[in-house]
Amino acid sequence: MSDSDTRLFATPAGVRLCPIDQIADGKARNFVLQMRAGRFHGFAVRDGDHVAGFVDKCPHAGLPLAQQLDDYLTPDGSHIRCSWHGAIFRRDDGVCVGGPCVGQRLTPWPLAIADGWIVTAAQSD
């Protein structure tokens with residue numbers, strides 16, 4: 001496996017992803033970042049002026065959550081869902097509230113809004 005094929009689960013702070021208005025309020029968007037050490041897959045969920053980010057990996061089976069690009073939410077938009085096995089996660093903190101991994105959680109991906117842009121933020125300890 002080459003470095004470009006290595007799956008990463010964190011990103012450095014300060015990477016500009018997109019202007020916040022490129023994600024409709026109440027929707028989610030996929031991001032893939034190619035870095036020297038490998039590739040990171042994550043997604044952002046927008047709620048007004050707040051964005052929650054998560055690593056795109058279901059804690060149940062280790063697969064990406066969406067089978068179709070940017071399809072991370074339940075039909076009513078109230079929760080994040082894994083399209084493979086039906087796990088349902090809260091939008092704000094990624095805790096699984098239904099399906100095969102109840103009580104587990106998605107890995108947070110720290111994001112922030114800076115000057116109208118969604119940017120990666122520092123990992124909190």
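**Strands and cysteines in a predicted model**

Q: What is the strand order in the open sheet of 3 strands?
A: This is a predicted model, where local features need pLDDT of at least 70 and side-chain atom pairs count only at pLDDT 80 or more, while totals for chains, interfaces and linings use all residues. Residues are numbered from 1 along each chain as its sequence is written, and side-chain values use heavy atoms, leaving out hydrogens and water. Strands are DSSP runs (E, at least two residues) numbered from the N terminus, and two of them pair if DSSP finds at least two bridges between them. Pairing here is antiparallel, and the order reads β6-β7-β8.

Q: Why is one side of β6 and of β8 left without a neighbour in the sheet?
A: Look at where β6 (79-81) and β8 (96-98) stand: at the edges.

Q: Which residue in β7 stands opposite I80?
A: β6 and β7 (residues 88-90) run antiparallel, joined by 3 bridges. Across from I80 you'll find F89.

Q: Which residue takes a positive phi in the hairpin of β9 and β10?
A: β9 (residues 111-114) pairs with β10 (residues 117-120) in the antiparallel sense, over 4 bridges. A114 sits opposite W117. There are 2 residues between the strands, and the one with a positive phi near 55° is D115.

Q: How many disulfides are there?
A: A disulfide is counted when two cysteine sulfur atoms lie within 2.5 Å. For C82, the nearest cysteine sulfur belongs to C58 and is 3.9 Å away, so C82 is in no disulfide. The count comes to 0.
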